[in-house]
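Subject: Structure handover

Hi,

Here is the structure I promised you. Please open it first, then read my notes below.

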Amino acid sequence: MNGFCHTLRIEWLKVKYYRSFWILLGIIAVCIPAFNYVIYDITNNSFPKVNGQNILGNPFSFPNVWKTVPYNAGLLLFIPAILIITLLTNEFSFRTHRQNIIDGWSRNRFISIKIMETIMLSLFVTGIVVLTCLYFGFHSQQKGNASPGWQQFRFIVFFFIEMLSYSMIAVIMAMIIRRAGLAMGIFFLYMIVEQFVVVLGRNKYKATWINYLPEEVTDNLIPQPFAPRMIAPDHTAFWEQHLPGYITIGIIYLILYILYVSWRFRKNDL
Amino acid sequence: MASILSLNNITKSYGKIQALKGVSFDVPQGSVFGILGPNGSGKTTLLGVVMDVLKPNGGNFRWFGEEPSDKQRRKIGTLLETPNFYHYLSGERNLQIAAAIKQKPPEDVDRVVKLVRLYERRQSKFQTYSLGMKQRLAIASCLLGNPSVLVFDEPTNGLDPSGIAEIRELIIELSKEGKTIILASHLLAEVEKVCTHVSILQQGTLIASGSVHSVLSNEEWLELGSANPENLRTLLNQFPGIKKTEESGDYLLVFFESSPDASALNQFCFEHGVVLSHLQLRKKSLEAEFIALTHNVSS
């Protein structure tokens, strides 16, 4: 534990005075609530009301907000990915990953702390999502419904898995490509190409395996939260039925990502 | 004498290119050990292997007689290839990170920046440093915690002549303190001035290794000049122990079967009516020796 804290303190020394780190972290902290506010505003003011009820339902009130905010935040996961790619490719560009090993870190320690940082960033972003949920939930609280509806808190856990999965894909891109701009470009390209394959596979070929592609399987953990009454009941049942599969495969991918980056960093020339 | 570093049959390939071909040698404790070789001979690859940034394809090595580990690397100050620091941090903060990794007290940072004359600029960002300052910062990082072993790969890269002389003096001073210094360089004149032992690499093959005296032939000769070179040449035929003579411009080079005795030759010439206008003892330089050795291997 002492060793871990010591290593973490060294990583802190690396970012403490790094302006880009704080700017990107600030963007993440601001964008998640701001983006949700924009959606909140559109939801409340841009759709007609039927019998005084919004046709999209009440996605920002408890307990729906536990699904809505993580779903919206999931659309912004490229921002923490940019931060992860920047921090990791800095090590490769400055060749400090080599120097850290030369100075006395083991390869295992270096890659472990990078994975741990990714987990900590995922926890931080998840924390922002929780605070945003609480803000909108209490702000939109309907009279007579004072309970936050903690049973839907599972979507926060699903968001954490999704965030960590995207982040680990960013780590892999940074480790393989080693150049910030190119790694970000390939990361975005990968996201777009996989979505294209998913849409094509789903609509044209009715393929179900595409639900288990690396990015899609964690996206599937949080179904779209708007207008629940307009969604066919069998669709919800299908999601509930396949949820254990999405979770299992999502976690298997995460384990594979971690094993791969650890193996790659330990075995290859630096 | 105990070995600080023992290499045993190290091989390393990059695809089809074999960068190291079964290299083995020992670095004795307290030595200044030069690893020499032209560009691309495998010097940096060899140091990369022993510092665990490159994985060898075969062979093994030991530091301090033990299996290599991160704990041992913390006891070694290493400058490998280029100074590697976080560009957005000051020199001082970079050294604080290095000190923390090496598990040395952060207070040592002030001492080492003073030692390499960077104290005034310690709070400037690394990206604002000149090449020479970056190199000095890297040397400062090596000196953190006063390690007993130092590994320098081309330490005088980017330094001006006075900087080169300073580093040379520093290496000599560190050596006097009993430290073991491993120095990879292609600047043979620099190596010649400080090294006690050398290994010579060419195209990944170790072609010579040992103490400077055992590796280098140590050949010496006399360079003579006289107002009457013909008389001098004739006279030299009578002096015992001469192996051969060669003309070199205005001078005559005289090679001996053993160590030349300049004063005896001077007296002999004077007694036989030939006054020498020039008499100098010459020694084969490391550069000449290196070229001879590497030429023999490549041909």
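Start with a sheet in chain B. Three strands form an open, antiparallel sheet in the order S2-S1-S4. Strand S2 (17–28) and strand S4 (58–63) of chain B are at the edges with a single partner strand each, so one side of each has no neighbour in the sheet. From one strand to the next, the twist averages 15 degrees. That angle is taken between axes, which are lines fitted to C-alpha atoms, and runs from 0 to 180 degrees between N-to-C directions.

A word on the source. This is a predicted model, where local features need pLDDT of at least 70 and side-chain atom pairs count only at pLDDT 80 or more, while totals for chains, interfaces and linings use all residues. Residues are numbered from 1 along each chain as its sequence is written, chains are lettered from A and ligands numbered from 1 in the order in which they are written, and side-chain values use heavy atoms, without hydrogens and water.

Two terms first. Strands (E, at least two residues) and helices (H or I, at least four) are DSSP runs, numbered from the N terminus. Two strands pair if DSSP finds at least two bridges between them.

Back to the sheet. Strand S1 (residues 3–14) of chain B pairs with S4(B) over five bridges, in the antiparallel sense. There, B:Asn8 stands opposite B:Asn60.

Now look at strand S3 (residues 32–36) of chain B.

Which strands run parallel to S3(B)? One is strand S7 (residues 180–185) of chain B, paired over five bridges. Here B:Leu36 stands opposite B:Ser185. Another is strand S8 (residues 197–202) of chain B, joined by four bridges. Here B:Gly34 stands opposite B:Val198.

Last, the interface. In chain A, 27 residues are in contact (heavy atoms within 4.5 Å) with 28 residues of chain B. The two chains bury about 2700 Å² between them, 54% of it on carbon and sulfur atoms. Buried area is the accessible area (1.4 Å probe) lost when two parts are put together, summed over both. A:Phe94, A:Ile102 and A:Asp103 lose the most area in chain A, together 25% of what that side buries.

How many salt bridges cross this interface? The rule finds five. It asks for a side-chain nitrogen of Lys or Arg within 4 Å of a carboxyl oxygen of Asp or Glu. One of them joins A:Arg98 to B:Glu81, with the closest N and O atoms 3.2 Å apart.

Best wishes
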